[in-house]
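Subject: Structure handover

Hello,

Here is the structure I said I would pass on. My notes on it follow below; please read them with the model open.

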Amino acid sequence: MHKLRKYYLDITLAFPGLFLLITFFVAPAIAIFIVSFTKWPIIGSPTFVGLKNYSKLFTDEFFLRALKNTLYYTLILVPSITALSFVTALLLRNITRGREFFKAIYIFPMVVTLTSTAAIWKGLFLPYGPLNQILVKLGLNPIDFLSVELVIPSLCLVLIWRDIGYYALFFLAGLESIPPEVLEAATVDGAGPLHRFRYIIVPLMKPIIILVSILTTIGSFMIFTLVYVITGGGPVYSSQALLNYIYDVGWKEFRMGYAAATAVVYFIILFLLSMIQRLVIERE
Amino acid sequence: MKRFFLLIGGLLMLGFLGWGVTIRFWVCPFVDQPEKFLAPLVEKFTAQTGINVEISVVSYAEAVVKYQAAIAAGEAPDLMYLTEGRFVPLVQFGNALEPLDQYISAELRNKFARPELLNMLANATGGTLYVVPIFFVTYLGAVNLDILQACGVSQDLIDKMTDPNQAYTWDDLLYLGSLVTKDLDGDGKADQWLYAYPGGTGWIHPFLLWYWSAGGSPTLLTEEGKPAFDTDATRLALTFLRRLQQEGFMPPGVASLEASDAIALFTAGKTAFINNVWPSNALKIWPQQFPKLNYRLVYPPVGPTGARTTYYGSGLLAIARQSKHKAEAWAFIEFLLSDEAQVYLSASYYFPITGKLPPELAADPRVKMYYDVLSYAIPEPMHPAMARWKVIYNSEVQAVLIGQKTPQQAAADMQRRAEEALKE
């Protein structure tokens, strides 16, 4: 009690933040965990079903497809965004005139809300949309960007377009921190641009590369809006990501218990990814 | 002293009559800003009865959940706006709705343009009526006359599509497709088509329009109460859509098209036929936004089994069982069904359920077409599993449109998944 009295002021000051944290994060998370053991079609009271939702999850072809799709998004997005934003940063660094202007241009897609971005790209991707009209004008065949085969690469294209400017700023900050004398010394020793890049810039930028890779990995597991607006997860679930699956099961099919179980598994995946991120950063 | 008792008596009488009572009415946005749209009606109702109506707007997506939360908290609105697909869950939610059979008089029943719709609503909930429609929409088709005339489509065929006493068939549509599908810019690829099926939609009706037209069950159930998906109607509808696609009568990528994209293609003069035209589009929005679009409304086609159907949706009102002002809420429903209110409501381009139209709409032959199809239009199936079935059949239609499944496989998978959904 005496100790509590000692921290009275600290507890009082922390209370509003703690209250918000518990109300909006901890309590809903606990509620989701509890609901995941029930069958609850929103109507009426939930019925306890034990581990049934979890056991069904791993044989559910639609959940597994959503998981596979999410991994596919990750496989495309992480290397593409990391490499392209690095290249963009290198280009920006070498621009002497109008660098701020180009930085603003590259960051612009990030400023626009993702819903608006998705709506615009949805129009661009249509079979008779502007992109295909350009292709036809160039004498090429139109592309069905939203076909089963191409829908994920097409959606990734939007995210790459949107994110490279943002992540380029991370790389640019890293590049700015490389002491110029190191590069000058290498040049004096006869190292060409490629050697300087490979043996000096890349090793020194390793922490940034890891950070960007981890952030884009987590980001790719959080894909939702783009899929929701552009394809709704189709055609035939071929673009459905994990979050879209959870949303559809919960709010289109009203299977809240099952959606909650999926959300718990999704949380575990993200938690593991965050742990890996922490370990890697600490090691670096 | 006498005056005092008279005053008290008068106040008690006013209270008994509901004077000064406020009823809470939660409404979905059937028009932009429904609270403003309904304000003149509310004002008139209040002036007549002394009952105030407090309107709150709830989105269609959240309506059921918000109603349930309010009911669970004992704070249910007195009056709730619902649709065919939304009221059954509320009836099941602890008997949350007030049965209305005792309120509705035979005289009022007979005012409805299609009184048996009340029975259909009651049948969805075991024979008890919990909701009353105040207005409705049906769907018509439309053709682009400029395209039809430029492609040499005979006037006879156009007349068949627009005359309620004649009928055109799916075969007529295929023939129409062969005439209107064209490569106009000479690049070797078609850039004008017959029809764009919105294969990427999450809506209920695009597939059902074809399924019902092929003789599919209006309730999506067999006589034994099982899902009716692995049926001839499903296979016929899917085969027809697949054929339209294989013949090139539909634009590429229909599997990903939203309903709004299909409308955009029609209004842009890229497709010659569309089959889900809302009254507000046909009568108000298109003439304003696309003044050069030369279109004509057409009746639904007759399917291969001779069925002719279309979609029907309505705005339904329900009274909460826990309401303390049920009589006042019912008084407002009756007021909305009065000739005066019905005429006013038609400005929303949802049509008066009693058929009482303002003179300018009553004289419009296109409006008559919407009432013509009311006699065979089918409301959204009111099964509790409808939310899941909709997701299931839309994805299976997509699988057919991208060539992943045959119509037979898709129909069988629809059935399997629909039955699984019922078990869960």
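Of the 424 residues of chain B, 45% count as buried; a residue is buried if 20 or more other C-beta atoms lie within 10 Å of its own, exposed if 12 or fewer, and partly exposed in between, with C-beta atoms placed from the backbone.

This is a predicted model, in which local features need pLDDT of at least 70 and side-chain atom pairs count only at pLDDT 80 or more, while totals for chains, interfaces and linings use all residues. Residues are numbered from 1 along each chain as its sequence is written, and chains are lettered from A and ligands numbered from 1 in the order in which they are written.

Chain B overall

Chain B has 19 helices and ten strands. Helices (H or I, at least four residues) and strands (E, at least two) are DSSP runs, numbered from the N terminus. The C-alpha trace spans about 95 × 50 × 35 Å along the principal axes of chain B.

Two residues are in contact if their C-beta atoms, placed from the backbone, lie within 7 Å. Among contacts in chain B with a separation of 6 or more, 76% join residues 24 or more positions apart.

Where the chains touch

The contact between the chains takes 21 residues from chain A and 24 residues from chain B. On the chain B side, α3 (63-72), α4 (84-92) and α18 (386-401) each supply at least two residues. By class, the chain B side has ten nonpolar, nine polar and five charged residues. Ala, Val, Leu, Ile, Met, Phe, Trp, Tyr, Cys and Pro count as nonpolar, Asp, Glu, Lys and Arg as charged, and the others, Gly among them, as polar.

Backbone points to check

In chain A, the peptide bond from Gly234(A) to Pro235(A) is cis, with omega near -5 degrees. Pro235(A) sits in the loop between α12 (225-230) and α13 (242-252) of chain A. Val236(A) also lies in the loop between α12 and α13, and its phi is positive, near 50 degrees, in a residue other than glycine. Val236(A) is buried because 23 other C-beta atoms lie within 10 Å.

In chain B, Gln33(B) is not a glycine but has a positive phi of about 50 degrees. Gln33(B) is in the loop between β1 (22-27) and α2 (34-49), and counts as exposed, with 10 C-beta neighbours inside 10 Å.

Regards
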